[in-house]
Amino acid sequence: MRVMRLFNSMGRELQDFIPEQAGKVGFYGCGPTVYNYAHIGNLRTYIFEDLLVKALKRFGYEVTHVMNITDVGHLSGDDDTGEDKMVKSAQEKGESVLKIAQFYTDAFFRDTQALGIARPTIVCKATEHVGDMINLIKRIEANGYTYMAGGNLYFDVTKLPDYGKLANLRIEDLKAGARIEVDENKRNPHDFVLWFTKSKFENQALVWDSPWGRGYPGWHIECSAMSMKYLGETFDIHAGGIDHIPVHHTNEIAQSDAATGRKPWVKYWLHAEFLVLDKGKMSKSKGSFLTLQSLADAGYDPLDYRYFCLGGHYRSQLSFSWEGMEQAKASRKALLERVLALKDRAGASELPAMDQLHPAVRERLEQFDGFLAEDLAVPRALAELWQLLKDPALPPADVLAGAYSMDQVLGLGLEQAKKSETQVDEALVQEIEGLIQERAAAKKAKDFAKADSIRAVLKERGILLEDSPAGTTWKKIG
Ligand code: AMP
Ligand code: ZN
């Protein structure tokens, strides 16, 4: 079993990943708040989690992947400020909260399925786990971390000496930096609500009886309660977007530590950087954002977006642009064309077993695994797939078997690739490849006139070349 190295946000360093129980991984990823469609930024984070889970499985781990669905209690500010996202959305659309939640939950799983994201082992709804949340809050209360004020039950962050350790927050700064909306019930600016009985809405749709009065849970408690319920009080990996570090995950840790008497909770925290637009952050609550449907309307397949995401490392910001999407589409098409050409060449012959593969293919797979194991270096793993497919000397059936194996993680649907999706003329592909190699040689020899003329000749014939650090790809135009 290969040991992965992963960047743990707790401590901010690369660490060998050693699960609590040999061979098994408990993985929790914060799921969507289902008051609207997921935007493509959210989807980037879920693609990252999918790649991670698939890499772990590739390396032989049995992964239990738990994802929550937030269908109650998430205010528009993560720090208890603003309006209830679910209630607001339901009121705007004149529907019940539960109907809205179901509609967007279904939409979410349609999107993730189209993106080749495997469904988590366990999907759990907040509204179906309020009893577990109440029980956890009772433990937090019994351990002395709470106070009632203005009808709500609060968590007192000063009771936990290392509150804010994930984000490197310092209590002194927290007190001084009262940047947040003033809630006069709070003793400290970063205290947060565990249980609301006072709502900003007259007819809060979903309420439950509790020891603190009829009301509903704060947002953070669901993740502590459901992760512990399904993965135990200590588990391996907790993931989410980077925006969750300072508030949501910080408060999840506080609650869990307070409930269990500071038993180790999560061993590895992994955070995906944001997808950004030219104009800045993509935000669901601010209204305008791009969904998978927006991309489909512009002529892109969901897997073009997956390919686009594979081009960036999860810990780097990824800038969305339509040019980038165009490139991803062309590259994915070229990839499928290559696979189809190989299928033609391999004919009906059976693909060799993995341990019978040509040594050069085995070596590429070894490299591929090495990249994945090193903090999920997917862009480099993808480049390795291209190298494999481009090697003209290797037997096609072996190359195909290697490519399909890589695609079990990358998820680009190579095995399902069909002619109808992309018609190819194998002779033409070979010719273009030959010219691309000739051009690369010309560039190397600083014969730029020749390189340019090859590009121009191909363009005349409707073939556009695109250079990137991973090499040159081509697409048909016109
Ligand atoms: P939400 O539905 O708002 O709770 O967010 C779902 C997931 O998407 C969380 O893990 C967020 O951290 C993540 N997320 C939100 N915005 C972005 C973005 N622009 N890029 C990447 N991930 C994001
Ligand atoms: Zn969460």
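Predicted model: local features only at pLDDT ≥ 70, side-chain atom pairs only at ≥ 80, totals over all residues.
In what order do the 5 strands of the open parallel sheet stand?

View 1. The 5 strands form an open sheet in the order S5-S4-S3-S10-S11, and their pairing is parallel. At the edges stand strand S5 (122-125) and strand S11 (266-272); each has a single partner strand, so one side of each is left without a neighbour in the sheet. From one strand to the next, the twist averages 20°.

**View 2. Strands S3 and S10, with helix H1.** Strand S3 (residues 24-29) pairs with strand S10 (residues 235-241) in the parallel sense, over 3 bridges. Tyr-28 has His-238 in S10 as its bridge partner. Helix H1 (residues 40-58) packs on the sheet and touches S3, strand S4 (62-69), S10 and S11. The direction of H1 makes about 155° with that of S10.

**View 3. The antiparallel sheet.** Another open sheet is formed by 4 strands in the order S6-S7-S8-S9, with antiparallel pairing. Its edge strands are S6 (146-149) and S9 (216-217), each of which pairs on one side only. Strand S8 (residues 192-196) runs antiparallel to S9 and is joined to it by 2 bridges. The bridge partner of Trp-195 is Pro-217 in S9.

View 4. Helix H7 (residues 245-260) lies across strand S7 (152-155) and S8. The helix runs at about 70° to S8.

**View 5. The packing of helices H2 and H3.** Two packed helices are described by the angle between their axes and the distance between the axes. Helix H2 (residues 85-93) and helix H3 (residues 97-114) pack at an angle of about 100°, and their axes are 9 Å apart. The two helices, H2 and H3, are therefore roughly perpendicular to each other. On the H2 side, Met-86, Val-87, Ser-89, Ala-90 and Lys-93 meet Val-97, Ile-100, Ala-101 and Tyr-104 of H3. The residues of this contact divide into 7 nonpolar, 1 polar and 1 charged.

**View 6. The surroundings of ligand 1.** Ligand 1 is surrounded by 17 residues, of which the closest are Gly-41, Thr-45, Gly-241, Asp-243 and Leu-275. A polar backbone atom of Gly-41 is 3.0 Å from a nitrogen atom of the ligand. Thr-45 places a polar side-chain atom 2.7 Å from a nitrogen atom of ligand 1. For Leu-275, a backbone N or O atom lies 2.9 Å from a nitrogen atom of ligand 1.

Definitions and conventions:
Residues numbered from 1 in each chain as written. Chains lettered and ligands numbered in written order. Heavy atoms only, no water. Pairing = 2+ DSSP bridges. Contact = heavy atoms within 4.5 Å. Axes fitted to C-alpha atoms, helices over the stretch in contact; angles between N-to-C directions. Parallel < 35°, antiparallel > 145°, perpendicular 65-115°, else oblique. Nonpolar A, V, L, I, M, F, W, Y, C, P; charged D, E, K, R; others polar. Near = heavy atom within 4 Å. Polar contact = N/O pair within 3.5 Å; in protein donor to acceptor, adjacent residues only side chain to side chain.
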